[in-house]
Amino acid sequence: MRDRRVRLWIWLSVIGIGIFVYFCQHPIRIKQEAKISQGVAMTLDSTSDYLVVVDEMAPNATPESFMEMSFSYAWINTFQQEIGPVSVIGAQQFPQADLSGFKLVVLTRSVSERGDWVPKIRSYLERGGNVVLEMPGAKLRALASADGKGGLRKPQTVTYAHGLMPEFQKALSAIKLSEMTQIIGSAGPLDDSQTWMTIDGVPVIYTKHYSAGNVITVDFDYGMLLTSLQQGRPLDDLTIRNMRGTAQIETEDLAKLDVPDMPIADILERFIVYGVVGHSVAIASFWPFFDSMNGAIVVTHDEGGMGDAALWTSQYEATFQASSTLFARVPLQMTEYGVGLTDKTHTELGLSFELNADDKSSAQEPMGWFKFSPIWRTYNVDQQTQQLRQWMPTGSQLISSQAKDGIWTPEYTRAFRMIAAAGFRNDASYRAPKDVPGYVFGSGFPFVPLDVNGRIFNILEYPVVFSSLQTQEEREFFETIVAASAKQTHEVITVSFSPQRYTTHPDYEIFETWQEAYRIASEHKHWITSISNYFRFSRARFTGELRSRSTDLKIGNKTSHLLRIELLAPENGMSISVPKTLRTRSFSEARRGLQRVKEDVILPEVIQTSAVSVMGYERMIIPLQRGFNAIDVVYE
């Protein structure tokens with residue numbers, strides 16, 4: 001019996017040691033619950049010509065399907081991207097709001113049933129105001145919209161866009177609308193109205209004069225369509241389907257567009273802003289690029305565990321005053337010297353975070369004795385963020401993130417909730433597939449994502465247009481995109497380069513393509529910059545002040561039209577764009593307004609301007625001085 005007990009203990013010890021060794025080689029991973037932060041309601045008390053009205057109580061906190069989400073906050077994207085500052089108020093504040101300072105008021109779908117507002121809106125129109133009604137209800141429809149008797153329906157195709165260049169109209173027609181929006185059908189067009197867009201032959205954007213103002217009706221869920229294009233369309237149950245047969249969800253699974261050479265979401269926004277609204281309103285807007293440039297190339301790098309050696313690309317960029325963002329993983333492989341070098345090379349340090357740590361992940365720590373670690377604890381996004389912040393120099397900010405390898409959560413917005421909880425202001429996780437680069441998310445511009453509760457995250461998402469740029473074919477496509485941006489579309493083009501690829505797969509074609517990308521950007525007058533620099537410039541556009549008014553100016557027998565603009569430019573290198581033609585008059589000159597110093601009058605200064613075409617909408621760019629500017633734009 002004693003021998004049997006000894007043998008039993010020996011075998012149990014062998015089995016125990018075997019199990020212990022097995023789990024040391026295949027450890028149990030304890031995943032820690034990630035912190036999340038939901039989208040929030042937003043009001044913006046900006047000095048602006050434009051007001052968006054949203055009912056912050058309307059969104060459903062727990063929608064059962066994508067179609068049940070509220071998309072009204074998506075209008076913020078349009079005005080911030082195309083104009084700059086926009087005012088946003090809630091439905092509760094609207095009855096007491098003073099509308100006299102606004103050129104345009106947008107009543108989003110969330111307030112489309114507020115028939116009690118009709119007297120206030122009518123009074124505003126009688127004073128010369130302009131109103132956008134998104135899918136208005138019966139009482140608001142009575143102002144100047146078609147009858148809507150066709151009811152709510154699923155659409156198919158954009159069939160007409162008035163005044164839009166054929167190539168851009170063709171791009172809009174390529175959108176598969178059936179799962180991206182809803183439209184309201186009417187028995188026929190409204191008398192004496194101007195139709196701007198039709199879907200399936202039905203007028204869905206049209207304008208009509210009302211007293212001294214104009215009513216612009218948008219008879220489809222514009223916010224839903226814009227969100228579907230930029231943020232991606234999940235399944236009806238708000239989950240993301242993996243269409244590639246791989247083990248994990250990636251952000252590219254949300255991409256729904258088949259026209260990678262056209263920024264379709266931006267085309268739609270500009271058609272509405274410069275085509276539809278611009279027909280009724282003289283639009284002055286902050287130009288979206290530093291020093292009046294044609295566009296921007298936002299450069300990102302993946303540190304890939306190389307440590308200080310990854311900075312060689314940034315050092316090269318610094319030789320021609322460019323900047324970039326380097327996404328690093330935790331634990332940080334860079335030395336204190338390397339981290340200090342990022343400041344000298346104007347390189348922003350961001351976090352490449354992991355959502356699902358595996359056996360090759362660095363975002364985890366062992367729990368055991370000596371070298372025996374049968375259990376490992378993974379870091380959530382917030383813990384990875386805190387670790388990287390500890391290694392960063394004093395005074396440095398960690399505001400930009402990127403999901404490693406584009407890995408995303410199966411739930412539509414859970415990853416955004418993690419990013420928001422970690423305190424990031426920028427994210428570059430959305431990326432085009434390496435084999436299909438381009439505008440697969442419909443935009444190059446960073447956009448504000450929406451939560452499933454219909455509210456916004458205080459984050460700008462930068463879609464990576466080129467997640468791989470290595471071959472001559474990819475270089476040629478990149479040059480095509482940048483050339484189109486310089487001439488017509490004026491885009492933000494985010495690219496990703498990996499310093500590691502030159503060491504693991506040395507290839508002169510790859511190296512040459514990387515260098516050629518900078519030459520192409522410079523030749524087409526694009527600003528080569530980092531995420532943090534573009535974010536700072538964008539924030540200046542959003543928070544700047546911009547008001548304008550039109551008036552006639554008569555000198556002798558000559559009558560000119562004057563667009564008077566008062567604005568605050570928080571940053572150097574800012575500029576504004578104004579229409580090249582206004583009514584029946586053409587741009588003559590821009591000059592700084594009269595200023596008086598005691599008893600002496602300083603004569604107005606004529607400003608050097610430049611012409612630009614934004615998708616065929618002709619504009620003039622006027623450079624600004626930092627601080628307050630008063631500018632008179634003369635049309636004759």
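The model is predicted, so local features need pLDDT of at least 70 and side-chain atom pairs count only at pLDDT 80 or more, while totals for chains, interfaces and linings use all residues. Residues are numbered from 1 along each chain as its sequence is written, and side-chain values use heavy atoms, with hydrogens and water left out.

- Val6, Ile10, Trp11, Val14 and Ile15 make up a nonpolar surface patch, with about 500 Å² of accessible area together.
- Patch members have over 30% relative accessible area and no salt bridge, and nonpolar side chains are joined within 5 Å, like charges within 9 Å.
- A salt bridge here is a side-chain nitrogen of Lys or Arg within 4 Å of a carboxyl oxygen of Asp or Glu, and areas come from the Shrake-Rupley method with a 1.4 Å probe.
- Val6 sits in helix H1 (residues 2–25); helices (H or I, at least four residues) and strands (E, at least two) are DSSP runs, numbered from the N terminus.
- Val6 counts as partly exposed because its relative accessibility is 43%; buried is under 20%, exposed over 50%, and partly exposed lies in between.

**The sheet**
- Eight strands form an open sheet with mixed pairing, in the order E3-E2-E4-E5-E11-E10-E9-E7.
- At the edges are E3 (87–90) and E7 (158–161), each pairing on one side only; strands pair if DSSP finds at least two bridges between them.
- Neighbouring strands of this sheet are turned by 20° against each other on average, direction ignored; axes are lines fitted to C-alpha atoms, for helices over the stretch in contact, and angles run from 0 to 180 degrees between N-to-C directions.
- E2 (residues 50–54) and E3 pair in the parallel sense over 4 bridges, and Leu51 has Ser87 in E3 as its bridge partner.
- Helix H7 (residues 264–280) packs on the sheet, touching strands including E4, E5 and E9, and its direction makes about 160° with that of E9; contact means heavy atoms within 4.5 Å.

**The buried helix H2**
- In H2 (residues 75–82), 8 of the 8 residues are buried, so the helix is largely enclosed by the rest of the structure.
- Among those buried residues are Trp75, Phe79 and Glu82.
- After H2 comes Gly84, with a positive phi near 120°.

**Ala146 in its loop**
- Ala146 lies in the loop between helix H4 (138–144) and strand E6 (151–153).
- Ala146 counts as buried because its relative accessibility is 4%.
- Not counting residues up to four places away in sequence, Ala146 touches Arg141, Ser186, Gly188, Leu190 and Tyr206.

Notes:
Buried means under 20% relative accessible area, exposed over 50%, partly exposed in between (1.4 Å probe, protein chains only).
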